[in-house]
Amino acid sequence: MEKKYWKSLEERNGLPVENPGKMDEDASRSLLELINEEIADKPSSRRNFLKFAGFSFATVAIATSCKNPVNTAIPMLNKPEEVTPGMANYYASTYFDGQDYSSILVKVRDGRPIKVDGNDLSSFNHGGSSARVQGSVLSLYDDGGRFKAPMIGGLETTWNMMDLEVGKKLTEVAASGKQIVLLASTIISPSTRKVIAEFTAKYPTTKLVTFDPVSSSAIRQAHQELAGQAVIPDYHFENADVVVSFGADFLGTWLSPVEFSRRWATTRRLTEEKKNISKLFVVESCMSLTGANADVRLAVKPSQQAAVILNLYNEIAAANGGKTFTAPKTSVDVKKMATALLAAKGKSLVVNGINDPALQIITHAINFMLGNYGTTLDLGSTLNLRQGMDQEMETFVQDLEAGNVGAVMFYQSNPGYTYAESARILQNLKRIPLAVSFATAQDETSKACHYVCPDHHFLESWNDAEPKNGMYTLQQPTIRNIFNTRQVQDSLLKWSGSTSDYYTSLRKTWETDFFGKQSKYGSFNDFWNHSLQDGVFEPQLPEWSLASLNLAALDTAAVKAGSATVSADTELVFYENIALGNGSHSNNPWLMEMPDPISKVCWDNFAAMSPKMAEKLGIATGDVLYFENEKLEIPAFVQPGQADGTIGIAYGYGRSNTGKVADGTGINVYPYMKAVGGFRAFSLAVKEFRAIGNTYQLATTQMHHSMEGRPIVRETTLEEWQKKPAAGNELHEEAAKNNFTLYKEYEFAGHHWGMGIDLNACTGCSACVIGCQAENNVAVVGKEQVAMTRIMHWIRIDRYYSEDPENPSVYFQPLMCQHCDNAPCENVCPVSATNHSNEGLNQMAYNRCIGTKYCINNCPYKVRRFNWFRYATNDAFDYNQNSDLGRMVLNPDVTVRERGVVEKCSFCVQRIQEKKLLAKAENRMLQDGEILPACAQACPSGAIIFGDLNDPESRISKLYKNERNYHLLEEIHTLPSVGYLTKVRNREGGAEA
C-alpha cells in the first residue's frame with residue numbers, strides 16, 4: 001500500500017477547506033476575465049463602449065504599472081575614499097540581541113546596510129545564520145518604533161541635560177546607600193563588562209542583575225552542584241552518533257541553534273565514504289523543529305518527563321553497575337533509547353531543555369556515565385550565552401519592593417513585558433528616584449521610565465563579544481547613527497566621570513587582554529586591523545573533561561525527580577517561536593509574516609492541541625478558547641504531534657507600546673510563566689477551559705492537495721539505503737528511461753546554473769525564506785492578504801506529515817522556481833515576459849508583464865507570486881516599504897515591483913552577474929561555490945548547494961549524479977534545474993520506541 005502524505009488534517013480526512021475570504025473568489029481570475037464580466041450583460045451602445053474603454057484601459061494601466069517609481073538621489077560632493085557608487089562594501093561584525101549570537105558580514109550599499117549574512121571565517125556559525133539574524137537589518141530602519149532622541153518625562157531633551165539630571169540622581173542614590181541596579185540580559189562583551197566595572201567603582205552600590213526571559217539557569221545550577229562550575233557546556237553534536245533530546249529544540253531555538261544545526265547536519269550527510277548517519281530521539285510535548293527532524297519522537301506531558309528521564313538514567317546506571325533510584329512508572333519504553341546510547345558510549349549526547357535543576361543534574365549524570373564529557377560535551381570552551389540566574393531576578397524584585405533599590409537601569413531588558421509579575425516592577429519604578437531605559441526602540445518598560453537614553457542599533461555600534469570562553473569577535477558600526485542616540489557604554493562612561501569614549505576603551509581592552517594571546521602580528525595596530533577585518537579572533541583552547549561528579553547532588557536530584565508528580569488533565573506548555581524569539585523582534589514585519597515551520601501560521605499565536613483532544617472536546621481550528629482561572633482567551637489550532645492533554649502556546653506576542661506591527665498582535669502569555677522553586681517554569685497545569693462560541697481566523701500559508709498521490713517527498717531508511725543507494729528513489733530511474741521529447745533540447749555552451757537541496761540536512765528553519773526576502777525586496781502583505789493566499793515569499797518551506805496524526809513523521813522541502821529547461825510558463829505568456837536565458841535561468845521581464853497569470857496557471861510547482869497591489873508607498877500596507885527610512889533597506893540591484901506583475905525566484909541573478917564580472921575583471925575562471933544565492937548563504941546547515949552544471953567537478957554536478965537525487969514531477973519532463981536528495985531516516989531497531 002502506498003504511503004500517504006498530507007499537509008493538513010482536512011486533506012488527510014478528505015474534508016474541504018473553508019474559503020478564506022470573499023476576495024479570494026477573484027484570486028484565480030485574470031484581468032481579462034474581470035473585463036469580460038464587466039461587459040457581458042451590457043448593451044453594445046456607443047456610450048457603454050466609451051465608458052468601458054475608459055474604465056478598462058485605465059484599469060490595465062493601473063494594474064500593470066510598468067512605469068518605474070521615481071527615485072531621488074543626493075549627489076555626493078565629497079566622496080569618501082572607500083565608497084564607490086553602485087559597489088557594495090562588506091563589514092565583519094557581531095549580532096547579539098541578549099539571547100542569540102552570530103558572527104556576521106554586513107553588506108553596505110552607498111552608506112546603507114542592506115543585508116546581513118553569517119561570517120564564514122567564524123568557527124561558531126561557519127557563515128550560517130537564522131531568520132532573526134537575516135531580519136535584523138530591518139529593525140535599523142524602524143522609524144515608527146525606534147527612539148529618535150533622549151527623553152525626560154516623555155519629552156525629547158538634549159544629552160547634556162540628560163547627563164546633568166541622571167548624574168545628579170546617581171550621586172544622591174549612591175550617597176544614600178541604596179542599590180543602583182543595572183538590569184540586563186546576558187552580556188557577553190568583555191569590554192562592556194570593564195565599562196560596568198568602571199561605573200561600579202564610581203558608584204559602589206551598583207549591582208548587575210542578569211535576567212533572561214528564556215531561562216537556562218537550571219543548566220548552570222546543575223553544573224554548579226555537580227562540578228563546582230556554574231556553566232553551560234559546549235555541545236558537540238558533530239561527534240555524536242546518538243542524540244537524545246528532552247524538550248531541547250536545538251535545531252530551532254535552544255541555546256545556539258545556528259551552530260548546532262550545522263554540527264548536527266554533518267552527522268546526517270551520506271557519501272560514498274560515509275555510510276552511516278546519527279540517530280535522533282526526541283521526547284517533547286509540542287511539535288518542535290527538532291522533533292520534526294527526529295528519527296524517533298515521543299510526545300509526553302511536561303509532568304511525565306521526570307519519570308522518563310529517571311527511568312533512562314536507571315537503565316544506563318544498571319548497565320554500568322551504578323546506583324539506581326526509585327522511579328515512577330512511565331508508559332514510555334526507554335530500553336531502546338538506552339540500548340542505542342550504550343552502544344555509542346563516548347559518541348552519544350543527551351540534552352535537556354527543561355528549566356529544572358534536578359532533571360538537569362540527572363541528564364548530566366547520564367552523559368557522565370556514557371563518557372561524553374570531553375567528546376560531545378566540552379567544559380573548556382563553555383557557552384557564555386544565557387547567563388541569567390532566575391533567583392537573582394527574584395531577589396531584585398523583592399529588594400525593589402522593600403525599598404532597597406534607589407535606581408534601576410534597563411539594558412537590553414524589558415521585564416515590563418517578559419517578567420511574569422511585571423506589575424511588581426512597573427509600579428515600584430514610579431516611587432524610586434531614578435529609572436532609566438536604554439532601549440533602542442519603544443517597549444513596555446521604557447514607557448514606565450522617567451528617563452530614556454536610547455542606545456544605538458547594533459549596526460551603528462562598536463562592541464565585542466565572547467560567545468564561548470576563548471572565542472572573541474568584534475562589532476563595528478556600518479552606518480552613522482541615524483537618530484540622536486548614544487551607546488549605553490558611552491553613557492555609563494560619561495556618568496562615571498571618564499573622559500574616554502567607548503571606542504578607545506574597546507581598543508584598550510583588546511590591547512591589554514587579547515593582543516598577547518597571539519604571535520602572528522608584531523604590532524597592536526596590525527592585530528586590531530586584521531581582527532576587525534576578519535571579525536573574529538580564535539586562539540586555541542586546551543581540551544577539558546569532567547573527572548568526577550558530586551554524588552550527593554545526584555542523590556538529592558533523583559529523590560526529587562522520583563517523587564510522585566500528579567498529572568493534570570490539561571497542561572499548558574509555553575514555547576519559543578522560531579521567528580519572534582522572546583518577543584524582542586515582534587515589531588519586525590519580515591519576522592511577523594514568516595510562517596511558523598510547523599503550523600505554517602503567521603501574524604498570531606494560538607492554543608495548539610492534538611487532533612484526539614480536539615475531537616473529544618468538539619473543538620476546531622479557529623474556535624476561541626477561554627481559560628477560567630487564568631483569564632486567558634486565545635484561538636485554538638489543531639496541531640498534529642501535540643502531546644494529548646497538553647496545549648502549546650508561543651510566547652513573544654501580545655506586545656504594547658512597541659510599534660505598528662507588534663502592538664495588539666497575538667496574546668501575551670508571559671504572565672503565566674512564573675517561577676517554581678526559584679526557577680522559571682515553561683508549563684502550567686490548568687483546571688478549566690472551554691470554547692466560548694466565537695471564532696477567529698488564523699492566517700496560514702499551508703495549502704492542501706499539493707501532492708495528490710505524486711512522489712514529491714521521497715524517503716527511505718538507512719537500512720534500505722545501505723542495501724541500495726537508490727532506495728526510495730526508484731521512480732527517478734523510471735523517469736530517466738522515459739526521458740525523451742520531440743522538442744529541441746536546450747544547449748548551454750557556457751554556464752548552466754543549478755541548485756541542489758539535501759533533505760537530510762534541511763531542518764526547515766526558514767532562514768532561507770527571510771534571506772531571500774531581504775535580498776530580493778519581497779514585500780510584506782499583512783495578515784489579511786496572507787489569509788487570502790497572497791503571501792509574496794519567493795521561497796517557501798513545504799511541510800508534509802505522514803502516518804499517525806497524533807505523532808506523525810514530518811518532512812520539509814524548500815520550494816522555489818525550478819528554472820525548468822522545458823518551462824511550461826514560457827510558451828503561454830502572450831507578451832514573452834517569461835523567457836529562458838542561455839545559462840538556464842527562467843527569467844521574468846517585469847516591464848512586459850501585463851498580469852494575465854497564464855504562467856501561474858501553467859506552473860505545476862506553484863512557485864510564482866502575483867503582485868496584487870502596490871506595496872511600496874501605499875498606506876494600506878504600512879510596513880517597511882511605506883516610508884523613506886524603511887525603504888533604505890531595499891537592494892538597489894533588484895527591481896521594486898509595482899502592482900499587477902508576476903514575480904518569482906531568479907536564483908539571485910544579480911549575484912551571479914556580480915561574480916561573473918568580478919572574475920572577468922580579475923581575468924580568471926569562476927570558482928565553484930563562489931556564487932551563493934541568498935537562500936544558500938543563509939542556510940545554517942549547508943543544505944542548499946548552487947553551482948554550474950556544466951562543470952563536472954562542481955559540487956552541484958556531483959550531487960546530480962548521486963543516486964538519491966531526483967527532480968520534482970520528473971514524469972512531465974519539465975527538466976527542472978533544482979534537484980533534491982531523498983531523505984534518509986535512521987529508524988531500524990527503534991521506529992516504535
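What covers the buried residues of helix H15? I took this as my opening entry.

**Entry 1: basis.** I note that this is a predicted model, in which local features need pLDDT of at least 70, side-chain atom pairs count only at pLDDT 80 or more, and totals for chains, interfaces and linings use all residues. Residues are numbered from 1 along each chain as its sequence is written, and side-chain values use heavy atoms, with hydrogens and water left out.

**Entry 2: helix H15.** I looked up H15, residues 422-429, and found Ser 422, Ile 425, Leu 426, Asn 428 and Leu 429 to be buried. Buried means under 20% relative accessible area, exposed means over 50%, and partly exposed lies in between (1.4 Å probe, protein chains only). The cover of these residues includes helix H13 (390-402), strand S15 (405-411), helix H14 (415-418), strand S16 (434-437) and helix H16. Helices (H or I, at least four residues) and strands (E, at least two) are DSSP runs, numbered from the N terminus.

**Entry 3: Ser 446.** I then turned to H16, residues 444-447, which holds Ser 446. Ser 446 has 4% relative accessibility and therefore counts as buried. Not counting residues up to four places away in sequence, Ser 446 touches Phe 147, Ser 437, Ala 439, Val 452 and Asn 657; contact means heavy atoms within 4.5 Å. I also recorded Gly 154, which is 292 residues from Ser 446 in sequence and 9.7 Å from it in space, C-alpha to C-alpha.

**Entry 4: Thr 253.** I located Thr 253 in the loop between strand S10 (242-246) and helix H8 (257-266). Its relative accessibility is 9%, so Thr 253 counts as buried. Neighbours within four places in sequence aside, Thr 253 is in contact with Arg 386, Glu 576, Asn 577 and Ile 578.

**Entry 5: H10 and H11.** I looked up how helix H10 (residues 305-320) packs with helix H11 (residues 335-343): the angle is about 45° and the axes are 9 Å apart. Axes are lines fitted to C-alpha atoms, for helices over the stretch in contact, and angles run from 0 to 180 degrees between N-to-C directions. H10 and H11 are therefore oblique to each other; angles under 35 degrees count as roughly parallel, over 145 as roughly antiparallel, 65 to 115 as roughly perpendicular and the rest as oblique. From H10, Leu 312, Glu 315, Ile 316, Ala 319 and Asn 320 meet Lys 335, Met 337, Ala 338, Leu 341 and Leu 342 of H11.

**Entry 6: H5 and H17.** I found that the axes of helix H5 (residues 159-176) and helix H17 (residues 488-495) come within 10 Å and cross at roughly 60°. H5 is therefore oblique to H17. Trp 159, Asp 163, Val 166 and Leu 170 of H5 meet Ser 491, Lys 494 and Trp 495 of H17.

**Entry 7: aromatic rings.** I noted 40 aromatic pairs in a search of the whole structure. Phe 524 and Phe 527 form a tilted pair, at 6.2 Å centre to centre and 50° between the planes. Rings of Phe, Tyr and Trp (its six-membered ring) pair if their centres lie within 6.5 Å; planes under 30 degrees apart count as stacked, over 60 as edge-to-face and the rest as tilted. Both residues lie in helix H19 (residues 524-534), 3 residues apart, about one turn of the helix. Phe 524 is buried, with a relative accessible area of 10%, and Phe 527 counts as buried at 1% relative accessibility. I recorded one aromatic cluster whose members include Trp 462, Tyr 472, Phe 524 and Phe 527.
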